[in-house]
Amino acid sequence: MVDGAGRWGRRTLLRRSALLLGGAAVGSAATLEGTRVADRRLPLAGGPASATLGSRRQNVGGGGVQVVWGTRTSTPLVALTFDDGPRPQWTPMVLDTLAEHRVPATFFLVGERARRHAALVRGRMGGHEVGNHSWAHHDLARMDAAAVHDDLSRSHDAITAATGAAPRLLRPPWGHLGGAVLYTAAQLDYRVVLWTLQMVEGEFPHDPAGHARRIVGDVRPGTILLGHDVGDERRLIALRGLPDMIAGLRAQGYTFVTVSDLLRRAPAPGVAR
């Protein structure tokens with residue numbers, strides 16, 4: 001009886017194991033099929049993740065888009081960039097500091113703010129460069145191709161009207177890239193510019209000079225440096241330390257250039273550095 005009971009227990013265990021495995025397989029297949037169905041419902045061609053639109057010829061201008069985080073240069077060059085403006089609280093302070101020290105910079109402007117505060121930048125962008133930072137600083141990587149195109153075109157026109165210069169560079173908010181962003185950048189003949197190094201104001205509360213020393217120590221030739229001329233109070237640390245940052249980099253032999261100038265001076269791809 002004991003042996004029979006043991007055999008019966010083993011048979012039951014094996015049968016139940018087989019049922020469990022079969023159920024798991026069925027469950028996995030159902031999950032996979034559910035995923036496929038969900039994927040088929042997504043707006044794939046032209047959706048946020050897709051860098052193509054439809055099945056016909058792709059209308060993407062020259063047929064490509066460059067994405068840069070920085071470059072390497074044989075001479076000590078650095079490109080200073082400011083995002084999110086213009087706004088009355090800080091943008092004039094930045095422009096005044098740059099003018100005093102004769103430093104060019106690249107401003108990635110939000111179109112809606114450029115239209116609303118056009119007087120802040122009108123006539124003050126000589127020697128500087130402007131880029132497109134979206135219409136209202138929403139996440140372009142969550143939008144489909146039509147929405148991204150509408151957003152960036154609207155912003156492009158507002159920045160051009162406010163500054164007198166048409167932007168040729170794009171920096172998407174938060175550096176978020178989706179396929180639709182790349183597709184639209186190619187359509188509008190933009191270069192996508194991210195950054196090599198970002199200012200870290202939160203690490204240096206009440207210490208503009210300390211923050212400036214940190215940035216000076218981290219910059220390398222060909223760096224694209226990200227700052228902001230809009231934000232909360234802690235970002236003022238970087239702006240108040242901007243003269244020390246400029247002086248520190250110049251003491252190390254650095255020359256300040258716009259992003260486009262930096263990229264023009266960079267070696268061509270495949271050239272030994």
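Predicted model: local features only at pLDDT ≥ 70, side-chain atom pairs only at ≥ 80, totals over all residues.
Biologist: What makes Ile215 a buried residue?

Modeller: Ile215 has a relative accessible area of 0%, and since buried means under 20%, Ile215 is called buried. The residue lies in helix α7, and, with its neighbours within four places in sequence left aside, Ile215 is in contact with Leu197, Gln198, Met199, Val200, Leu225 and Met245.

Biologist: Why is strand β8 described as largely enclosed by the rest of the structure?

Modeller: Six of the six residues of β8, residues 223–228, are buried, and therefore the strand is largely enclosed. Thr223, Leu225 and Gly227 point one way from β8, whereas Ile224, Leu226 and His228 point the other way, and all are buried. In a regular strand the side chains alternate between the two faces of the sheet.

Biologist: How do you know that β2 and β8 pair, and in which sense?

Modeller: Pairing requires at least two bridges, and β2 and β8 have six, in the parallel sense; Thr81, for instance, stands opposite Leu226 in β8. Strand β7, residues 197–198, is joined to β8 by two bridges, and these strands also run parallel, with Leu226 in β8 as the bridge partner of Gln198. A right-handed β-α-β unit is made by β7, α7 and β8.

Biologist: How do you know that the buried residues of α2 line one face of the helix?

Modeller: The buried residues of α2 are Thr91, Val94, Leu95, Thr97 and Leu98. Seen down the helix axis, these buried residues fall within an arc of 160°, so they line one face of α2. Ala99 and Glu100, on the other side of α2, are exposed. The cover over the buried residues of α2 includes β2, β3, α4, α8 and α9, and the helix is followed by Arg102, whose phi is positive, near 55°.

Biologist: Which residues touch the most other members of the largest nonpolar core?

Modeller: Of the 34 residues in that core, Leu80, Phe82, Leu98, Phe107, Met245 and Leu249 touch the most other members. The elements that give two or more residues to this core include β2, α2, β3, α5 and α7, while the largest share, four residues, comes from α9. Apart from this core lies another, of 12 residues, among them Ala145, Leu152, Leu170 and Ala185.

Biologist: What is Leu98 in contact with, leaving aside its neighbours within four places in sequence?

Modeller: Leu98 is in contact with Leu80, Phe82, Val103, Ala105, Phe107, His128 and Leu242, and each of these pairs has heavy atoms within 4.5 Å, as contact requires.

Biologist: What makes helix α6 largely enclosed by the rest of the structure?

Modeller: Seven of the nine residues of α6, residues 179–187, are buried, so the helix is largely enclosed. The buried residues are Gly179, Ala180, Val181, Tyr183, Thr184, Ala185 and Ala186, and what covers them includes α5, β5 and β6. The helix is followed by Asp189, whose phi is positive, near 60°.

Definitions and conventions:
Residues numbered from 1 in each chain as written. Heavy atoms only, no water. Core = buried A, V, L, I, M, F, W, Y, C linked by side-chain atoms within 4.5 Å. Buried < 20%, exposed > 50% of the residue type's maximum accessible area, 1.4 Å probe, protein only. Arc of directions from axis to C-beta. Right-handed = clockwise from strand over helix to strand, strands pointing away.
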